[in-house]
Amino acid sequence: MSETPAPRFRPVLDRFAAYRPGRAVVSPDGRTFKLSSNESPHGPLPSVQEAIERAARDVNRYPDNSATALAEAIAAEHGVAPEQVVVGCGSVGVAQMLLEAVAEPGAEIVYAWRSFEAYPLLVALSGATGVQVPLRDEVHDLAAMAGAITERTRLVFVCNPNNPTGTVVHRAELEAFLARVPADCLVVLDEAYTEYVRDDGVVDGLELLPAHPNLLVLRTFSKAYGLAGLRTGFAIAHAPVAEAVRKTYLPFSVNSIAQAAGIASLAAKGELLERVEATVKERDRVHAALTAGGWTVPPSEANFVWLRLGDRTLEFAAACEEQGVSVRPFDGEGARVSIGSAEENDAFLAVARAFTAR
């Protein structure tokens, strides 16, 4: 009997490793400290929780496909026109929309490496070719990235602060980079962690937007706003760019609860940023404790720290897991450790101290 033919799938899937989210682990005594996904340790504020509960009463209805009220709230918050705003299913969802708008076979997408691990996955699925430019001293090498741009380059991702290193590029180097990028190449400034930045040399990407029609700024409600479970991100760009990207939106992919929570979170921004400040203080405390313990840790402007561990990466991750601490290891490179509550951070620091004492 002849074999039944199998369904045909795209050849790229044969060499494709799906995204693996950070996971929680449990120590022998039942403790769990999840520091693997850069989540906020805080739940929604009471006003946001109330908005979520109200919106949940109407989940038998489809959401506003255009997310009009949320887009208007984002526009008002950032001083732009609503037509400049694109809302999507997390900043990753918006990044996918961007690639659907610009990528095709033969096109090239440039990004630093190591950077956000979703970039190569999204690029591969888009049919375009990814061009990875190595970091220099854990920071984007913008001069080398500009040099990697060819006539086939459609889009460049610049993650600032960079995930997973937490490092940043400053205004002068970013402006010099933008001056070198051809006008027909889209630059995506991924600012998922912008609320945690305290380095005065880092420019808010929205300040650069008016002078650069090919610039798009990508943001999210998942990190500082503590809405990771509701998957809401947005981009701000010049109106023609935003209009093109909106055409790729998967209908109803930003649900009504997420839209309501986003609006309520913007209204409660002052309270939320108090929580962000607490995370920044914890970040600085963790960084100081690690460096005092002999670790080499690049300065971080995000809600995580980066440990360059090389071939000891998985060993360190296993040591953390034994104590119920989950971190994000990148085999052969290093580990990214999120900043959580003081208790979670202390549990991680105890493992780090014990590891250096081996």
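Buried means under 20% relative accessible area, exposed means over 50%, and partly exposed is in between, with a 1.4 Å probe and protein chains only.

**Entry 1: ground rules**

I am reading a predicted model, where local features need pLDDT of at least 70, side-chain atom pairs count only at pLDDT 80 or more, and totals for chains, interfaces and linings use all residues. Residues are numbered from 1 along each chain as its sequence is written, and side-chain values use heavy atoms, with hydrogens and water left out.

**Entry 2: His212**

I looked up His212 first. Is His212 buried or exposed? His212 has a relative accessible area of 17%, so it counts as buried. I found His212 in the loop between helix 7 (205–208) and strand 7 (215–220). Helices (H or I, at least four residues) and strands (E, at least two) are DSSP runs, numbered from the N terminus. Then I listed contacts, meaning heavy atoms within 4.5 Å. With neighbours within four places in sequence set aside, His212 is in contact with Leu178 and His238.

**Entry 3: Ser91**

Next I checked Ser91, which sits in helix 3. Its relative accessible area is 10%, so Ser91 is buried. Not counting residues up to four places away in sequence, Ser91 touches Leu218, Arg219, Thr220 and Gly233.

**Entry 4: the nonpolar cores**

I turned to the cores. A nonpolar core is a set of buried Ala, Val, Leu, Ile, Met, Phe, Trp, Tyr and Cys residues joined through side-chain atoms within 4.5 Å. How many residues does the largest nonpolar core have? It has 82 residues. Those with the most contacts inside it are Ile74, Val87, Met145, Phe157, Val158, Phe177 and Leu216. Helix 3 (residues 90–102) gives the most to this core, with six residues.

I then followed Ile74. Leaving aside its neighbours within four places in sequence, Ile74 is in contact with Val85, Val87, Phe221, Phe234, Ile236 and Leu266.

Now the helix pairs. Axes are lines fitted to C-alpha atoms, for helices over the stretch in contact, and angles run from 0 to 180 degrees between N-to-C directions. Angles under 35 degrees count as roughly parallel, over 145 as roughly antiparallel, 65 to 115 as roughly perpendicular and the rest as oblique.

The axes of helix 1 (residues 46–56) and helix 9 (residues 256–267) come within 8 Å and cross at roughly 155°. Helix 1 is therefore roughly antiparallel to helix 9. Their crossing is right-handed. A crossing is right-handed if the near helix is turned clockwise from the far one by less than a right angle, and left-handed if anticlockwise. On helix 1, the contact is made by Ser47, Val48, Ala51, Ile52, Ala55 and Ala56. On helix 9, it is made by Ser256, Ile257, Ala260, Ala261, Ala264 and Ser265. I sorted these by class: nine are nonpolar, three are polar and none are charged. Here Ala, Val, Leu, Ile, Met, Phe, Trp, Tyr, Cys and Pro count as nonpolar, Asp, Glu, Lys and Arg as charged, and the others, Gly among them, as polar.

**Entry 5: helix 10 and helix 12**

The axes of helix 10 (residues 269–292) and helix 12 (residues 342–356) come within 11 Å and cross at roughly 10°. That makes helix 10 roughly parallel to helix 12. This crossing is right-handed. Glu282, Arg285, Val286, Ala289 and Leu290 in helix 10 meet Ala342, Asn345, Asp346, Phe348, Leu349 and Ala352 in helix 12. The contact of helix 10 with helix 12 has seven nonpolar, one polar and three charged residues.

Which peptide bond from Trp113 did I note? The bond from Trp113 to Arg114 is cis, with omega near 15°. Arg114 is in the loop between strand 3 (108–113) and helix 4. Asn160 and Pro161 are also joined by a cis peptide bond, with omega about 0°. Pro161 lies in the loop between strand 5 (153–159) and helix 6 (171–180).

I ended with phi. Ala67 is not a glycine, yet its phi is positive, about 45°. Ala67 is in the loop between helix 1 and helix 2 (68–78). Ala67 is buried, at 2% relative accessible area.
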